[in-house]
Amino acid sequence: MALVGSGSAVPAFAVSNTRLSERVDTSDDWIRSRTGIAERRICGPDEPLTPLATRAAEAALAHAGWQAEDLDLILMATSSPDDLFGTAPRVQGALGAKHAVAFDLTAACSGFLFALITAGQYLRSGAMRRALVIGADQLSRWVDWDDRTTCVLFGDGAAAVAVEACPAEADGLLGFRMRSDGTRNGCLTLAQTERHHSVLSGVDAQIGGFAPLRMNGQEVYKFAVREVPAVLKELLESTGTDPGALNWLLLHQANQRILDAVADRFAIPHERVLSNLASYGNTSAATIPLMLDEAVKDGRIQPGDLIASSGFGAGLSWGGALLRWSGPQAAAA
Ligand code: COA
């Protein structure tokens with residue numbers, strides 16, 4: 001699987017830390033020093049996920065030099081769909097990708113990495129040739145805006161990567177690991193509310209609906225700084241990769257302190273750690289491709305660069321992938 005194009009889209013409206021302190025008891029200084037976040041983008045009520053994800057997908061298609069009809073697969077990682085039956089088909093329809101099968105994959109902040117690895121299996125098996133992997137979330141719809149311990153962390157965004165079948169020697173997915181631990185699910189949830197109603201005499205049913213996001217921040221922090229280095233160490237050892245050979249560390253953007261802690265464990269200089277937390281906060285499944293697209297477009301990531309990536313979050317779920325960026329010029333004819 002070769003990574004040949006990227007694209008992203010964020011809502012126009014930015015909310016600063018200072019603006020948030022109008023609503024909850026917080027401060028710019030607290031949020032910056034504890035997380036590295038300065039502002040986040042928020043979708044308005046008339047900005048659902050589908051158009052945002054479609055814009056990101058169109059940008060990735062244009063970057064790869066593909067037409068929508070070229071796609072065999074659209075895999076959309078999201079935990080905040082427009083439609084619980086699937087948002088990827090709406091994106092497929094909006095793109096006019098009439099040959100592509102499209103479905104959602106839910107794995108919270110690990111979602112994009114899990115989707116990229118999943119797409120890789122279809123491409124490597126020969127079942128499919130071209131895929132678009134999208135990470136898109138708008139957790140602004142699901143956070144409790146009166147809970148200062150969570151509402152300051154999240155933002156909205158979408159990004160996509162175009163991936164293509166290729167000869168084994170050009171494969172850009174050099175190794176991967178995926179992990180889940182449902183026994184720690186309660187650390188970070190966006191669960192169904194417990195409300196029921198009487199449908200018929202003697203027949204009760206649950207009313208569908210989801211509670212706001214709830215998180216034990218300290219437990220999630222400890223989980224991240226323990227499991228991310230462990231999974232990356234395994235990945236680097238299994239692929240015989242020296243951390244010094246990495247061009248970039250591309251982690252899920254949750255907290256600058258987590259990025260720094262992981263980099264320090266591998267003695268990776270901080271200038272090789274990609275971060276755009278200050279501008280966007282945690283956009284869940286979108287963070288990794290959003291950061292990748294930014295660094296590709298501003299020229300930091302070059303064709304041939306070796307990237308260690310790790311996603312982690314609710315589930316609990318986490319994983320790592322060792323990637324080599326090809327870029328559009330490497331796309332097979
Ligand atoms: N503004 C001001 N004070 C805040 C605050 C905010 N937005 N949020 C929490 N506080 C307060 C707490 O109430 C607590 O006050 P107390 O000491 O009077 O009880 C104090 O700050 C310290 O809280 P604590 O939870 O210990 O802070 P922390 O240093 O652990 O930072 C997080 C909190 C959430 C930033 C941190 O735990 C974290 O990043 N966890 C991982 C979260 C994450 O990455 N989630 C997504 C995974 S995909």
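Biologist: What does arginine 177 count as, at 23% relative accessibility?

Modeller: First, this is a predicted model, where local features need pLDDT of at least 70, side-chain atom pairs count only at pLDDT 80 or more, and totals for chains, interfaces and linings use all residues. Residues are numbered from 1 along each chain as its sequence is written, and side-chain values use heavy atoms, with hydrogens and water left out. Buried is under 20% relative accessible area, exposed is over 50% and partly exposed is in between (1.4 Å probe, protein chains only). At 23%, arginine 177 therefore counts as partly exposed.

Biologist: Which residue does arginine 177 meet in a salt bridge?

Modeller: A salt bridge needs a side-chain nitrogen of Lys or Arg within 4 Å of a carboxyl oxygen of Asp or Glu. Here the N to O distance is 2.7 Å. The partner, with a relative accessible area of 32%, is partly exposed: it's glutamate 234.

Biologist: How many residues apart in sequence are the parts this pair ties together?

Modeller: Helices (H or I, at least four residues) and strands (E, at least two) are DSSP runs, numbered from the N terminus. Arginine 177 sits in strand E8 (residues 173–180) and glutamate 234 in helix H7 (residues 217–238), so the parts they tie together are separated by 57 residues.

Biologist: Which residue forms a salt bridge with glutamate 237?

Modeller: Glutamate 237 counts as exposed, at 54% relative accessibility. The closest N and O atoms are 3.1 Å apart, and the partner is lysine 233.
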